[in-house]
Amino acid sequence: MNLTTKGKYAVTAALDLAMQQTIADGFTKISDVAKRQDIPAAYLEQIFSRLRKAGILQAARGPNGGFKLTKQRDKVMIGEIISAVERNMDAVSYTHLRAHETRHD
């Protein structure tokens with residue numbers, strides 16, 4: 001299965017958020033993730049919007065706002081992140097990815 005840039009960035013950004021949540025339980029700004037991961041902030045806004053709509057991220061406005069995972073980091077599956085941002089992922093690839101994740105938990 002080949003991931004698009006959007007899928008790769010989504011997984012990278014979610015991993016970044018997971019790592020930040022171990023340091024502080026607050027929200028992380030898109031600009032901070034963009035700098036750390038060298039991903040354009042405008043592109044991350046689109047990705048985070050889809051992840052929020054899928055229930056993977058939650059958002060908060062204001063000076064201490066940003067994004068964070070809605071679940072504990074060990075409960076978020078890579079397959080659900082990819083599924084939220086990739087429009088044309090076939091069921092066979094998704095099932096294979098979910099099975100692969102389950103075996104390595």
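Visitor: How are helices and strands defined here?

Guide: Helices and strands are DSSP runs, numbered from the N terminus. A helix takes at least four residues, a strand at least two. This is a predicted model. Its chain comes to five helices and two strands.

Visitor: Which pattern does the chain follow along the sequence?

Guide: Along the sequence, the pattern reads α-α-α-β-β-α-α.

Visitor: What share of the residues counts as buried?

Guide: Buried means under 20% relative accessible area. Of the 105 residues in the chain, 34% fall in that class. The accessible surface of the chain is about 6700 Å². Carbon and sulfur atoms hold 50% of that surface.

Visitor: How do I read contacts by their distance in sequence?

Guide: Take the contacts between residues at least 6 apart in sequence. In this chain, 58% of them join residues at least 24 apart.

Visitor: On to the rings. How many aromatic pairs does the structure hold?

Guide: There are two aromatic pairs. Planes over 60 degrees apart count as edge-to-face. The planes of Tyr9 and Tyr43 stand at 80 degrees, so this pair is edge-to-face. The ring centres of Tyr9 and Tyr43 are 5.5 Å apart.

Visitor: Which parts of the chain does that pair link?

Guide: Distant ones. Tyr9 is in helix H1 (residues 5-23), and Tyr43 is in helix H3 (residues 41-53). They are 34 residues apart. Tyr9 is partly exposed, at 24% relative accessible area. Tyr43 is partly exposed too, at 23%.

Visitor: What about the rings of Phe48 and Phe67?

Guide: Their planes are at 70 degrees, so this pair is also edge-to-face. The centres of the Phe48 and Phe67 rings lie 5.0 Å apart. Phe48 is in helix H3, while Phe67 is in strand S2 (residues 66-69). That link spans 19 residues.

Visitor: Are Phe48 and Phe67 buried or exposed?

Guide: Phe48 is buried, with a relative accessible area of 0%. Phe67 has 14% relative accessibility and counts as buried.

Visitor: Which residues cover the two faces of S2?

Guide: Gly66 and Lys68 are on one side of S2, with Phe67 and Leu69 on the other. These residues are all buried. The charged end of Lys68 sits over the ring of Phe27, 4.8 Å from the ring centre.

Visitor: How does S2 join strand S1?

Guide: Look for bridges and direction. Four bridges join S1 (residues 57-60) to S2, and the strands run antiparallel. Gln58 stands opposite Lys68. The hairpin has five residues between the strands. In that hairpin, Gly62 takes a positive phi near 105 degrees.

Visitor: Where is Ala60, and what does Ala60 touch?

Guide: Ala60 is in strand S1. At 27% relative accessibility, Ala60 is partly exposed. Leaving out residues up to four places away in sequence, Ala60 touches Phe27, Gly65 and Gly66. Ala60 and Lys29 are 31 residues apart in sequence, yet 9.6 Å apart in space, C-alpha to C-alpha.

Visitor: Back to helices. Why do residues three or four places apart point the same way?

Guide: An α-helix has 3.6 residues a turn, so such residues point the same way. Now take helix H2 (residues 30-37): the buried residues are Ile30, Val33 and Ala34. They cover an arc of only 100 degrees around the axis, so they are on the same side of H2.

Visitor: What comes just after H2?

Guide: Asp38, with a positive phi of about 55 degrees.

Technical notes
Residues are numbered from 1 along each chain as its sequence is written. This is a predicted model: local features need pLDDT of at least 70, side-chain atom pairs count only at pLDDT 80 or more; totals for chains, interfaces and linings use all residues. Side-chain values use heavy atoms; hydrogens and water are left out. Rings of Phe, Tyr and Trp (its six-membered ring) pair if their centres lie within 6.5 Å; planes under 30 degrees apart count as stacked, over 60 as edge-to-face and the rest as tilted. Buried means under 20% relative accessible area, exposed over 50%, partly exposed in between (1.4 Å probe, protein chains only). A charge sits over a ring if NZ of Lys or CZ of Arg is within 6 Å of the ring centre and within 35 degrees of the ring normal. Contact means heavy atoms within 4.5 Å. Accessible areas come from the Shrake-Rupley method with a 1.4 Å probe; for residues, only the protein chains shown count as cover. Two strands pair if DSSP finds at least two bridges between them. The arc is that of the directions from the helix axis to the C-beta atoms.
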